[in-house]
Amino acid sequence: MTIGPEITAPLLHNKNHASVSSPSPENFSGEENSPIEQVALTVPITDDPSLPAVTFRTWTLGSLACILLSFLNQFFWYRREPLSLTSISAQIAVVPLGHLMASVVTDRVFFKGRRWEFTLNPGPFNVKEHVLITIFANSGAGNVYAIHIVSTIKVFYGKDMSFWVALLVVLTTQVLGFGWAGLFRRYLVEPAAMWWPHNLVQVSLFRALHEKEERPRGGLTRNQFFLIAFTCSFAYYVFPGYLFPMLSSISWVCWIFPASVLVHQLGSGLHGLGIGAIGLDWSSISSYLGSPLASPWFATANVAVGFVLVMYVITPVAYWLNVYKARTFPIFSDGLFTSTGQSYNISAIIGPNFRLDIDAYEREGPLHISTFFAINYGVNFACLTATVVHVLLFNGRDIWELSKSAFQEKKADVHTKLMRRYKQVPGWWFICVLVANIAATMFTCHYYNDQLQLQWWGVLLACGLALFFTLPVGVIYATTNQMPALNVITEYIIGYLYPGYPAANILFKVYGHISMKQGITFLEDFKLGHYMKIAPRAMFMAQIAGTIIAALVHLGTAWWLMSTIPNICDRALLPADSPWTCPGDHVFYDASVIWGLVGPRRIFGDLGYYSAINWFFLAGAIAPALVWLAHKTFPTKQWIRLVTMPVLLGTVVNMPPATAVNFTSWILIGFASGFVAYRYYRSWWSRHNYVLSGALDAGLAFMAVIVYLCLGMHHVHLKWWGSSPDGCPLASCPTEPGVLIKSCPSL
């Protein structure tokens, strides 16, 4: 990453908010401030420890924000265009509520002079309360991945799962990550080099909402800029969100040749390669890769190179060379097919004991997937080995030094020094949560094995994988804002060890993958508290409470929707314009069939059609080694050090359900922000870039909810040319002569 000149003063000189107990900026040398210029430009280097953080307002507004975000995110998750409401929405909405409570709630002190003395109103609504409320909201903002297990077993496979079992699975998968977070705090929170780019968006927003600044001559304060950007985002989203959905993916190439399958394959932003496609909808831009405004330029460049390599080089070459009978299937699809290109009848190969019926599978024939889907899995393999090798080569020495200095005083930046005045969370708290959770998980899987299928040794193996990968994946995410996925390797391992058990496979994947991901999410929140000087024990409390509340609300919402919406997720039985198509759950279900029911040996092993894909493991291990050798050979070429193979190779791990248009627009905006604005308009970027990201998120979220409540729930829709989200109906058609698919021309 580019390290600019040291910054020794805060971005805003706040005359009214300085703390007498906080060191002044002048007391810190440039060496003590963060060496990451983005952090030095954004994060304040003062603290007021007298501000109360855990208050009645914190609990009330935090719980309310968590409940609302959990409900809305799970509600929208099953829809064709899943809307993800981030914690920034709550971060904005609670400000007037916090000030209202400060003005109307009594300030009476209860049990005064006693041990349990407390008050409902400790004074003005402050930034530390606001941060803890946002931590609560973060718990509700993330999708609870274990809900996929419930949806897959109940809806797609049509098997029974009791609410009690589903609740145990959801709670244990969500809480397990606390253990990993506790083990790796020293490596991923305290070092200044682990700077967690996305946190800077929220830090900027906190400062814009709480600090008073003088309006610069001829310019705007950050608060004024936020209000203008928020209003524009709010007003604009009515177009892509309702009036003109085609703005989400403008695939203009298809308009020129409306009857050409080839052109539709090349130009479709949703079902093809997306050449020329662009999205003018912030929800489609930020839905899978996060905000491009929060991505450092070197990470954006890695994503761009990886996307171009996979989408515009490997995929078209493999397709038109007919690798793995590519032309028999759609060029971009997550579907499961027979050898003739027809949809595979999965229910026909499931035995009465919820296992693979070998004889039925032999009759139906081997399972096929699109060549892009096969390549996507190969890239997942490469990303996995690249992550481990990259972190060992580029970060191994730093990790070793941190391990050796575990009980020694080490050099720290200003933020770490300020945090030393607060009591830390004892390590045994995390260990107790971890051990208790693993015990509960093993009990659940053993006692309800008829529904879950996973054996006790599978739980321990999944935990071992999460423990092994949390540190390398956390290093990549903390420095690039891109998270390599672990889900494929978990599916691969359990698929070989325990084939034919789809429920066991998806459960193992969730315990191995999501506990790691949850741990990294908790670490990201700890870093946010680190930047904003929140007591670690208060952070721990907010995370535990928010996680439990979010798990309960997510599951309750999903259970309600599955019980009340007829044929939810069944694309064959739903009306053509139904929004309840569940794109994320379809990918999860397809993976359960590939890795769990059929098993990797019959697809990627010696009995399978795609065994050569395993060479990607080796390629992924070699790639970062080549970069490391180039860096050592040419140490003066600093750009070589910024080539991050786990990010470059892991670009397409979310495709599908992510599509080409999600990437093309994201890359363009990331270039404009991270390269053009950061390099040539540094003053504007430092004041407004992260504030703009928060404003776009918040405006979109509020308008999306209003549109759905006022129009979507009442089935008020517009029918016109611009209602089609893509306009490339032939993009999913095969090009192999003789393959007949409904609604596709015969060749």
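Is Tyr492 buried or exposed? In this predicted model, Tyr492 has a relative accessible area of 13% and is therefore buried, given that the cut-off for burial is under 20%.

The structure holds 56 aromatic pairs. One of them joins Phe381 and Tyr492 in an edge-to-face arrangement, with 5.3 Å from centre to centre and 85° between the planes. Phe381 belongs to helix α17 (residues 371-404) and Tyr492 to helix α22 (residues 487-497), so this pair ties together parts that are 111 residues apart in sequence. Phe381 is buried as well, because its relative accessibility is 2%.

Both residues belong to a cluster linked by ring pairs, whose members are Tyr324, Phe373, Tyr377, Phe381, Tyr492, Tyr496, Trp595, Phe604, Tyr609, Tyr610 and Phe617.

Charged side chains also meet aromatic rings. Lys154 lies over the face of Trp559, at 4.5 Å from the ring centre. The charged end of Arg682 sits over the ring of Tyr678, 4.0 Å from the centre of that ring.

**A residue of helix α17**

Leu384 is placed in helix α17. With a relative accessible area of 10%, Leu384 is buried. Leaving aside residues up to four places away in sequence, Leu384 touches Phe469, Leu486, Ile489 and Phe617; Phe617 is also a member of the aromatic cluster. By contrast, Leu384 and Lys159, 225 residues apart in sequence, are 33 Å apart in space, C-alpha to C-alpha.

**Helix packing**

Two packed helices are described by the angle between their axes and the distance between the axes. Two such pairs are considered here.

The axes of helix α5 (residues 147-156) and helix α25 (residues 583-598) come within 10 Å and cross at roughly 75°. Angles of 65 to 115 degrees count as roughly perpendicular, and α5 and α25 are therefore roughly perpendicular to each other. On the α5 side, the contact involves His148, Ile149, Ser151, Thr152 and Phe156, which meet Gly584, Asp585, His586, Phe588, Tyr589 and Ser592 of α25. By residue class, this contact comprises 4 nonpolar, 6 polar and 1 charged.

Helix α9 (residues 199-210) packs against helix α30 (residues 682-712) at an angle of about 90°, with the axes 8 Å apart. The helices α9 and α30 are therefore also roughly perpendicular to each other. From α9, the residues Leu200, Val201, Ser204, Leu205 and Ala208 make the contact, and from α30 the residues Tyr690, Val691, Ser693 and Gly694. These contact residues divide into 6 nonpolar, 3 polar and no charged.

**Backbone geometry**

Most residues other than glycine have a negative phi, and most peptide bonds are trans. Several positions in this model depart from that pattern.

Lys325 has a positive phi of about 55° although it is not a glycine. This lysine lies in the loop between α15 (297-320) and β3 (336-337), and Lys325 is partly exposed at 30% relative accessibility. Cys582 likewise shows a positive phi, near 55°, in a residue other than glycine. The loop that holds Cys582 runs between α24 (536-564) and α25; at 0% relative accessibility, Cys582 counts as buried.

The peptide bond from Met655 to Pro656 is cis, with omega near -25°. Pro656 is located in the loop between α28 (645-649) and α29 (660-680).

**Separations along the chain and in space**

Arg421 is found in the loop between α18 (414-419) and α19 (427-447). Its relative accessible area of 37% makes Arg421 partly exposed. Tyr447 has its place in helix α19, and with a relative accessible area of 55% Tyr447 is exposed.

The table sets sequence separation beside C-alpha separation for residue pairs discussed in this report.

| Residue pair | Separation along the chain | C-alpha separation |
|---|---|---|
| Tyr447 and Val165 | 282 residues | 9.9 Å |
| Leu384 and Lys159 | 225 residues | 33 Å |
| Arg421 and Thr470 | 49 residues | 28 Å |

For Arg421 and Thr470, a chain separation of 49 residues accompanies a C-alpha separation of 28 Å.

Definitions and conventions
Residues numbered from 1 in each chain as written. Predicted model: local features only at pLDDT ≥ 70, side-chain atom pairs only at ≥ 80, totals over all residues. Heavy atoms only, no water. Phe/Tyr/Trp six-rings, centres within 6.5 Å; stacked < 30°, edge-to-face > 60°. Helix = DSSP H or I, 4+ residues; strand = E, 2+ residues; numbered from the N terminus. Buried < 20%, exposed > 50% of the residue type's maximum accessible area, 1.4 Å probe, protein only. Lys NZ or Arg CZ within 6 Å of the ring centre and 35° of its normal. Axes fitted to C-alpha atoms, helices over the stretch in contact; angles between N-to-C directions. Parallel < 35°, antiparallel > 145°, perpendicular 65-115°, else oblique. Contact = heavy atoms within 4.5 Å. Nonpolar A, V, L, I, M, F, W, Y, C, P; charged D, E, K, R; others polar.
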